[in-house]
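Below are some notes for a colleague who is meeting this structure for the first time. Please read them with the model open.

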Amino acid sequence: MTDTAPHLVQVFDGHNDTLLSLERRSKTPKERSFFDEADYDHIDLPRARKGGFAGGLFAMFTPSVREKPKEGKEVDFKSPEHFARITQPVALDYTMKLLEIAEDLEAKGNGEVKICRSTAAIKEAMAAEQLAMMLHVEGAECIDKDFEALEMLYNRGLRSIGPVWSRETIFGHGVPMKFEHGPDIGPGLTELGKELVRQCNHRGIQLDVSHLNEKGFWDLAKLTDKPIVASHSNVYKICPMSRNLTDKQLDAIAESKGLVGINFAVFFLRPDGQLNSDMPLDVILRHADYLINKLGEDGVALGSDYDGCLVAKDIKDVAGLANLIEAFRKADFGEELIAKIAHKNWISVLERAGI
């Protein structure tokens with residue numbers, strides 16, 4: 001999605017929860033259309049145009065608590081109920097709701113939204129100024145033991161999957177969101193989880209290690225023959241949150257020619273781990289510098305987690321991506337490196353994964 005304003009750079013982002021946001025807002029006083037500009041939540045098409053957002057991996061996530069929030073009350077992810085296990089039929093039903101929202105956006109978008117099933121399709125959509133949407137499942141609860149749902153979802157456009165969110169599945173164990181705590185929590189992938197890796201490698205579905213605990217990370221790293229990708233994670237050495245990546249994990253990602261998408265969630269960025277949006281963009285640049293030093297210029301991208309987290313006030317929504325790009329520019333990252341971080345590296349890693 002190009003723009004006549006020279007300061008805008010196309011952004012292909014590694015993670016958002018916009019489909020979930022649209023579902024949770026539906027039939028409530030805050031119901032919104034993706035095609036109309038809102039002054040709350042993070043992504044809609046008009047604001048995407050303002051920020052240079054050309055597309056990304058759109059997550060299909062099934063929350064443990066699926067009741068729509070009451071007016072004036074948002075989800076409190078500090079509550080244990082939001083980490084409770086869910087069954088496969090429930091997760092598949094909810095995933096299909098989100099998939100249908102994505103398909104509806106494409107159908108009603110007058111050619112402005114395109115579900116992409118390959119990197120070639122992403123490039124074509126971006127060149128045509130269409131919003132390039134690639135589908136991702138966050139937490140594989142919707143996948144059955146025989147992988148029939150995986151095949152069905154692949155045929156409907158799924159191209160990326162995280163075996164877990166921050167809770168246990170039949171495939172492995174998610175890492176909780178604990179500050180000053182490492183990711184070495186719980187056992188690794190189950191035998192079914194290892195088979196999920198093989199099934200995804202065979203089909204051409206990207207595996208995402210964000211939310212996977214450390215033992216599960218190493219199990220996946222040993223099995224996969226594709227680049228290791230953490231779509232929305234940050235640097236543990238800077239922000240010691242269990243969801244972030246240790247130096248040893250970053251070394252493994254680098255060796256696989258993989259990628260890390262920088263998560264905009266303030267409590268995964270701030271050295272103090274606080275849920276406070278009053279955070280300078282320099283903190284994001286510090287994570288970017290660290291990741292470039294560990295992964296090289298081809299291994300760092302963006303994984304905003306828009307519509308799923310609290311972000312810095314200077315990038316309060318997708319229109320604010322332009323502010324982040326300007327911050328990179330003022331820090332002398334250079335136009336080619338900025339373009340790599342903004343979109344080129346995601347497209348390259350998806351190509352390397354055979355997608």
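**Notes on the model**

1. Threonine 246 sits in the loop that links β7 (229–230) and α8 (247–255); helices (H or I, at least four residues) and strands (E, at least two) are DSSP runs, numbered from the N terminus. The model is predicted: local features need pLDDT of at least 70, side-chain atom pairs count only at pLDDT 80 or more, and totals for chains, interfaces and linings use all residues. Residues are numbered from 1 along each chain as its sequence is written, and side-chain values use heavy atoms, with hydrogens and water left out.

2. Is threonine 246 buried or exposed? Its relative accessibility is 16%, so threonine 246 counts as buried (buried means under 20% relative accessible area, exposed over 50%, partly exposed in between, with a 1.4 Å probe and protein chains only). Leaving aside residues up to four places away in sequence, threonine 246 touches Pro183, Glu214 and Tyr236, where contact means heavy atoms within 4.5 Å.

3. The protein has 12 helices and nine strands. Its radius of gyration, taken over C-alpha atoms, is 18 Å, close to the 20 Å given for 355 residues by the globule rule, so the protein is as compact as a globular protein of that length. That rule is 2.2 Å times the number of residues to the power 0.38. The C-alpha trace spans about 50 × 45 × 40 Å along the principal axes.

4. Of the 355 residues, 60% count as buried. Among contacts between residues at least 6 apart in sequence, 72% join residues at least 24 apart.

5. The largest nonpolar core has 94 residues, and those with the most contacts inside it include Leu19, Ile143, Phe264 and Phe333. Such a core is a set of buried Ala, Val, Leu, Ile, Met, Phe, Trp, Tyr and Cys residues joined through side-chain atoms within 4.5 Å. Helix α3 (residues 88–108) supplies the largest share of this core, eight residues. Another core, of 19 residues, lies apart from it, with Met126, Leu259, Trp346 and Val349 among them. In soluble globular proteins, nonpolar side chains tend to be buried together.

6. Helix α1 (residues 18–25) is mostly covered, with eight of its eight residues buried. Just after α1, lysine 27 takes a positive phi of about 60°.
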